[in-house]
Amino acid sequence: MKHYLDLIKISAKQHRKQNRMTRLCIVLAVFLVTVIFGMADMEMRSQYIQAVKTDGGWHAAFVMDEEQGALLGERPEVKEIARYGALNYNLEGGYQIKGVETGICGFDKEFQEMLPDAEILEGTFPETAGEIALNENAMDRLGMQIGGKVSMTTPQGDARQYQITGIAKNTALTAELDAFCVFLNTDGFLALSPEGTGAAREMLYYVEFRKFCNIQKAIGEIRTQFELEDAQVRQNTKVLMLMLQTRDSYLLSFYLLAGILAVLVMIAGIFMITASMNSSIARRTEFFGMMRCLGATGKQVVRFVRKEALSWCKEAIPAGVAAGVAVTWALCGMLRFLSPGLFDGLPVLGISWLGAAAGILMGLVTVLLAARSPAKRAGAVSPLTAVSGNAGTVHAAKRAAHTRLFKVDMALGIHHASGSKKNFFLVAGSFAFSIVLFLSFGTLIDFMHHAVTPLRASAPDIAVNVGSEEMNRIPAEFAEDLEEYPGVKRIFRKGYAYLTMPADGKDVVLISYDERQLRMAEDTMVEGKLSEVLDGKGVFSVFLEERTLACGSNILVTAGGKERKIHVSGIIESVPDVLNPSVDTLICSEKMFRELTGEKGFASLDIQLEKDVTDTQVQEIRKAVGQVCGEDYDFSDKRMRNQEVRGAYFSMSVFLYGFLAVIALIAFFNIINCIGMSVSARMREYGAMRAIGMSVGQLIRMVTGETLTYTVFGVIFGYLAGLPLNRFMFRTLVTNRWGEAWSLPGWEMVVIVFVMLASVCLAVLNPARQIKRMTVVETISRE
Amino acid sequence: MEILRVENLSKVYGAGEARVEALKQVSFTMERGEFGAVVGVSGSGKSTLLNCIGGLDFADQGKVFLSGRDLFAMGENERTVFRRQNIGFIFQSFHLIQELDVEQNIMFPLLLDYKKPDQERVDEILEVLGLKNRRKHLPGQLSGGQQQRVAIGRALITHPALVLADEPTGNLDSQSSQDVMELLCKASRHYQQTVLMITHNMNLTASADRVFQVSDGKLSELGGVCK
Ligand SMILES: Nc1ncnc2c1ncn2[C@@H]1O[C@H](COP(=O)(O)OP(=O)(O)OP(=O)(O)O)[C@@H](O)[C@H]1O
Ligand SMILES: [Mg+2]
């Protein structure tokens with residue numbers, strides 16, 4: 001021992017067990033912060049992976065001619081460059097194969113790496129101008145083989161022959177539009193484009209920039225160099241955003257959220273560490289008094305305590321970071337397991353350096369902040385305490401317990417909790433704090449349910465819509481028959497009709513729902529009665545941000561040449577069936593629809609498929625639909641889109657629910673920590689009580705009484721402060737935008753109280769074990 | 001009437017080099033109303049003996065009978081309840097409960113039985129202890145001697161058959177020590193309780209009926225001085 005601070009190591013050895021609580025708090029704080037940032041990071045990565053999957057890995061694209069393109073390719077920050085052009089994307093331009101309008105994409109081979117949609121499933125990419133790749137859709141419907149020949153007519157009237165070299169992937173878009181699409185190489189594409197127009201030689205130059213270059217700056221420079229207009233520059237916004245290359249609010253709000261939560265965790269951590277250090281210092285008052293007796297200055301004692309706290313960080317911070325990284329791994333593993341295909345790119349054992357760094361930094365700051373007041377307290381211990389002998393009692397009581405109102409063990413427990421006002425408010429306050437956190441962050445889940453629309457239960461895998469001429473021409477029987485097809489799970493049929501309101505000449509759209517759909521719609525009902533709509537006595541009006549037909553009002557419409565009065569029985573939130581958000585949309589039962597319009601058929605079928613549906617089964621369905629609907633109909637395969645929606649929703653859920661879990665965890669550890677501390681601080685007293693004749697059961701009841709007192713008041717305070725906050729956040733986040741009114745956040749309230757009660761049970765368990773194991777003799781003679 | 005019987009009590013701490021035979025084959029009995037004092041040099045095993053008799057600690061060998069009941073044969077809970085009803089403890093460093101006032105501290109063992117304390121009895125004890133005008137004080141507001149008197153009151157409230165005191169005067173000045181001794185004598189003379197007290201102060205053994213000496217874990221009886 002060379003320096004007085006060396007005493008820390010010696011004393012740490014002696015007090016290892018007592019300091020365990022404090023070290024655990026540090027581990028916990030670091031762990032939580034690491035997980036929070038790690039999760040935010042992983043969420044970003046998975047979003048990035050998804051964005052690259054759907055939108056491609058390109059960063060920017062420029063419309064320019066060949067000469068400019070060559071110059072662009074020479075810029076140092078450009079890693080990869082590829083030309084791309086498209087013709088007939090609106091499928092009205094007159095490029096046809098066997099009479100079917102065909103979209104044409106021409107690009108360099110390198111482009112495939114930048115856009116996953118440009119993938120060749122089978123065969124090879126066209127090498128020469130005379131070669132072509134057809135998409136799956138076209139191959140199937142034309143019955144073509146690789147190596148076969150196909151002819152395409154151009155608007156100019158000439159037919160061109162191509163040799164098929166490969167099958168191009170159906171993109172989400174082409175699948176949804178049910179369209180033909182072909183890939184040509186750039187030469188072939190240029191040869192095809194209408195001659196003479198100057199624009200013919202201009203193509204989109206897709207660029208992928210090198211790592212670590214400032215993309216916005218590079219784009220700016222390129223624009224000035226080539227004097228490009230706004231319209232000539234395109235950016236892959238989502239990917240750039242996720243690379244933190246744009247200043248987009250969505251992403252920042254994500255990290256902001258993580259930041260806020262981290263600060264809250266830090267506050268909770270400071271609470272916990274301060275409390276446990278305070279108690280450890282109170283227990284060692286005599287020791288500090290002794291140090292002062294021996295000539296240490298108050299400052300030296302302060303330094304001693306602070307140094308001691310930092311010495312715990314040496315083990316606690318790495319442990320916390322390690323645990324945080326492990327949990328992040330587990331979460332990533334879970335995502336990959338639950339939704340393979342979507343999250344394949346997620347690194348299983350990726351380390352979020354951001355998370356680790358945030359954890360370490362927050363840990364140190366937390367400990368330093370937390371150590372301030374205990375250190376001051378230790379510094380203020382007077383040398384007298386060492387000799388006066390009244391030290392060692394942690395909480396000098398100021399008033400007596402009420403032994404008349406409760407049984408003595410309960411009374412003492414309650415008194416232990418409430419005896420010191422300051423301590424009581426600190427502990428109950430920290431319990432309440434976690435409830436407030438939980439309730440206010442709980443609104444984010446509601447927000448998510450509205451903002452990132454999950455796949456609705458009624459979301460179709462395949463949507464069939466007939467053209468607008470004779471709208472409701474799908475017969476009811478066919479819809480029922482189709483439901484029996486292999487691979488079909490269920491079908492929702494809908495009729496559409498335009499009605500006019502004679503009052504102001506405005507249109508309203510009337511949609512018919514079957515009973516199942518109406519019942520599903522009830523989930524998003526803002527107000528009103530479902531039964532009236534089911535009985536055909538009224539309609540639902542769809543919520544619009546500016547104006548909504550009021551619930552309970554009657555509106556006059558012209559239907560089938562007659563004026564009819566319709567009663568609005570309820571308001572539901574926006575549904576995807578709304579054709580035009582500026583037109584009022586009403587939803588009614590099939591019966592009412594028939595009465596009003598006289599139409600017996602349906603305009604649209606939403607088909608939901610079984611999980612294991614095969615492509616041939618889908619083809620069968622298409623054939624059947626084609627026979628009934630004739631020429632003019634849309635057959636839109638939404639499975640891929642749905643998958644994307646599901647994935648986005650899923651990773652968002654994991655993130656947000658993860659946040660809530662973290663908060664619950666804070667509540668849990670806080671309770672365990674508080675009770676554990678309180679018990680270990682009073683162990684000596686408990687020993688004395690045992691000596692006098694208190695039984696183990698009575699002691700445990702006493703601890704339970706103490707815990708329950710904190711919890712009951714914590715819950716009350718928490719609700720009192722948390723519910724108004726919850727209401728406020730709900731109103732700003734949800735009500736303003738989607739109209740759903742605030743109601744008591746039932747499940748949040750139940751879940752957090754349940755977590756707290758479970759924590760209380762666990763919190764009492766450990767002290768109970770300690771009390772049972774405690775030997776009376778040692779406890780009372782220890783000093 | 002025989003209240004306490006100790007048979008062949010032995011206790012060993014540690015092993016090897018650190019092995020200490022704290023008690024070696026200790027046997028003795030005490031009658032109702034007897035006042036015994038235990039003396040001996042520091043580390044001779046006095047506290048160990050008292051803790052074993054009181055059921056706070058366990059002996060390796062031997063038996064302790066209190067009012068004919070084998071202390072070590074009882075279950076943990078049973079022993080606790082038996083202890084609080086039949087044995088009163090007094091410690092060198094008081095061990096009062098900080099949250100309870102004087103009166104509540106004294107009633108505490110009764111409260112643990114969920115019994116309604118007999119107010120007359122409490123008043124009587126407060127009177128005897130000379131703490132009547134301190135009944136609402138918290139332990140922190142009392143002097144050492146007063147605290148020890150409260151502890152004695154707490155030990156006597158249940159009318160225990162046996163009162164065990166481990167250096168009850170160790171922390172007190174001579175006047176307070178005298179008070180404590182008087183109270184303990186009163187307990188044995190007036191209430192016919194058996195008292196066994198450890199002390200370092202040979203002067204205090206004067207008021208004892210019997211004096212035991214512990215040396216190196218062995219117990220021997222010195223000729224007591226009877227008043
Ligand atoms: N928990 C323990 N572990 C090991 N040895 C112990 C333990 N408790 C007591 N001893 C030893 O047992 C012997 C008797 O201890 P005891 O406390 O009974 O002495 P004592 O006579 O009460 O001394 P004093 O007068 O100083 O209080 C001592 O030598 C002590 O070192
Ligand atoms: Mg002793």
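Q: Hi! Is Glu7(B) buried, partly exposed or exposed in this model?
A: Hello! In this predicted model, Glu7(B) has a relative accessibility of 29%, so Glu7(B) counts as partly exposed.

Q: And which residue does Glu7(B) form a salt bridge with?
A: The partner is Arg5(B), and the closest N and O atoms are 3.7 Å apart. Arg5(B) is partly exposed as well, at 30% relative accessibility.

Q: OK, what about Glu34(B), which residue does that one pair with?
A: Glu34(B) forms a salt bridge with Arg210(B), with 3.0 Å between the closest N and O atoms. Glu34(B) sits in the loop between strands S2 and S3 of chain B, while Arg210(B) is in strand S9 of chain B, so the pair ties together parts that are 176 residues apart in sequence.

Q: Are Glu34(B) and Arg210(B) buried or exposed?
A: Both of them are buried.

Q: Which residues are joined into one network by salt bridges that share partners?
A: That network holds Asp101(B), Glu103(B), Asp123(B), Arg135(B) and Lys136(B).

Q: How many salt bridges are there over all chains?
A: The count comes to 29.

Q: Let's hop to chain A. What do the side chains of Glu620(A) and Lys623(A) do?
A: They meet in a salt bridge, at 3.9 Å from N to O. Both belong to helix H21 of chain A, and because they are 3 residues apart there, about one helical turn separates them. Glu620(A) is partly exposed at 43% relative accessibility, whereas Lys623(A) is exposed at 52%.

Q: Are Cys105(A) and Cys181(A) buried or exposed?
A: Cys105(A) is buried, at 4% relative accessibility, and Cys181(A) is buried too, with a relative accessible area of 7%.

Q: Last one! Which residues form the positive surface patch?
A: They are Lys299(A), Arg303(A), Arg306(A), Arg372(A) and Lys376(A). Helices H12 and H13 of chain A each give two or more residues to the patch, and H12(A) gives the most, with 3. Arg306(A) is found in helix H12 of chain A and counts as partly exposed, at 36% relative accessibility.

Note on methods:
Residues are numbered from 1 along each chain as its sequence is written. Chains are lettered from A and ligands numbered from 1 in the order in which they are written. This is a predicted model: local features need pLDDT of at least 70, side-chain atom pairs count only at pLDDT 80 or more; totals for chains, interfaces and linings use all residues. Side-chain values use heavy atoms; hydrogens and water are left out. Patches are made of residues with over 30% relative accessible area and no salt bridge: like charges are joined within 9 Å, nonpolar side chains (Val, Leu, Ile, Met, Phe, Trp, Tyr) within 5 Å. Accessible areas come from the Shrake-Rupley method with a 1.4 Å probe; for residues, only the protein chains shown count as cover. A salt bridge is a side-chain nitrogen of Lys or Arg within 4 Å of a carboxyl oxygen of Asp or Glu. Lys and Arg count as positive and Asp and Glu as negative; His and the chain ends are not counted. The place of a charge is taken as NZ of Lys, CZ of Arg, CG of Asp or CD of Glu. Helices (H or I, at least four residues) and strands (E, at least two) are DSSP runs, numbered from the N terminus. Buried means under 20% relative accessible area, exposed over 50%, partly exposed in between (1.4 Å probe, protein chains only).
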